Structure formats: C-alpha cells, structure tokens
Amino acid sequence: MSEKSPAVASLRTKIEQYLREMAGGYQVTQDGSYSLRHGTTRLVIKPAGMEGTERTMVNIFAFVTINVNVTNDLFKYLNDINKEINFGKFFVLDDQKLVICQHSLVGGTLDKDELIVGIAAVALLADKYDEKIVEKFGGQRCIDAENEALRRFPGGYTGPTITG
C-alpha cells in the first residue's frame, strides 16, 4: 500500500488529532513522520501501509543510544530486557551502532488510549535504559548527540517543522 493511500491519509489525520490532544503539538520530519520529545527521549511516530494489504500500522520508536559498542553481551542484555517487558522491544542497527526501542500498533483500529500507551511505553523504556546502556556498552544517549548538534550549529539547524 502506498504511503499516500486514503487509508494512510486517514490514519495521519487521526494521529495528528490525538497528538494535539495529548501533547499539545508535535513536529513533522522530512519523511512525514511525527516527532516529539519526552524526557531524554525523542519519539518518532510513523504511520504506514502494510505491504500487500489495505491495512495500516503505526510504528513508534525512539533512538536510544548511538555509537554503542556492538557486542554479543549487548545483544544478550537487550534480549534479557525484551523478555521482561510487555510493550515494545529493543534492537540494534549494528552497522550504525544504534540502539532503538520500538513498538507497533494496528492503524485501522487505533484509538487515542492505545496510541498514548504505545508512546508512553517506548518513551519510558528508552528513558529508563539509555543511561544503563551507555554505562555498560559505551556510546552516548541519542538525546545528548541531538543536543550537541544543536549547540554546534545554532541557527543553522534545519530540522523538523513545528506543527499542531
């Protein structure tokens, strides 16, 4: 399904309404995802079509750490966390040395409470584990990398646009 389909457009409208109600506003990224900050976490909410169907989904994720030392111990640590949590999962993009926390929701039946719980789960998990991961495996929290970039390029940053 195309990201420009009527079903995805309808899902976008619903997400925008819920984000305005719960967060007061949000940012829209260059790829059309929605972004907001919670604590030490930058959350991304991405509506999408499910390939080969007319169904939609919502991916909620947070970039947790960057430049982490990717080792078997890191994979085991994240797997042990994943066994204990109810919502969300951690995974590694090892070629980018990036830890991500992610949760997916069915778009067609999405309601505000479900979106709030999904966002809260990802935000709280990322916020809870970002410092622990850096302490054990190096790198830095993604929010620190973002803040550093903003300090280095004041006025020159052309990031997401504020909407809502």
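**Helix packing and a pocket**

Mentor: To start, Tyr 18, Leu 19, Glu 21 and Met 22 in H1 meet Lys 112, Leu 115, Ile 116 and Ile 119 in H3, where contact means heavy atoms within 4.5 Å. Helices (H or I, at least four residues) and strands (E, at least two) are DSSP runs, numbered from the N terminus. Keep in mind that this is a predicted model, where local features need pLDDT of at least 70 and side-chain atom pairs pLDDT 80 or more, while totals for chains, interfaces and linings use all residues. Residues are numbered from 1 along each chain as its sequence is written, and side-chain values use heavy atoms, with hydrogens and water left out.

Trainee: By class, how many residues of each kind are in the contact of H1 with H3?
Mentor: Ala, Val, Leu, Ile, Met, Phe, Trp, Tyr, Cys and Pro count as nonpolar, Asp, Glu, Lys and Arg as charged, and the others, Gly among them, as polar. On that basis, the contact of H1 with H3 holds two charged, no polar and six nonpolar residues.

Trainee: At roughly what angle do the axes of H2 and H3 cross?
Mentor: Axes are lines fitted to C-alpha atoms, for helices over the stretch in contact, and angles run from 0 to 180 degrees between N-to-C directions. For helix H2 (residues 72-84) and helix H3 (residues 112-137), the axes come within 11 Å, and the crossing is at roughly 155 degrees.

Trainee: Which way do H2 and H3 run relative to each other?
Mentor: Angles under 35 degrees count as roughly parallel, over 145 as roughly antiparallel, 65 to 115 as roughly perpendicular and the rest as oblique. H2 and H3 are therefore roughly antiparallel.

Trainee: Which element gives the largest share of the lining of the second largest pocket?
Mentor: A pocket is an open set of points on a 1 Å grid over the protein atoms alone, where a 1.4 Å probe fits, with protein on both sides within 12 Å along at least five of seven lines; lining residues have an atom within 4 Å of a point. Here the lining is Arg 42, Phe 63, Ile 66, Leu 98, Cys 142, Ile 143, Ala 145 and Glu 146. Strand S4 (56-66) and helix H4 (142-152) are the elements giving two or more residues. The largest share, four residues, comes from H4.
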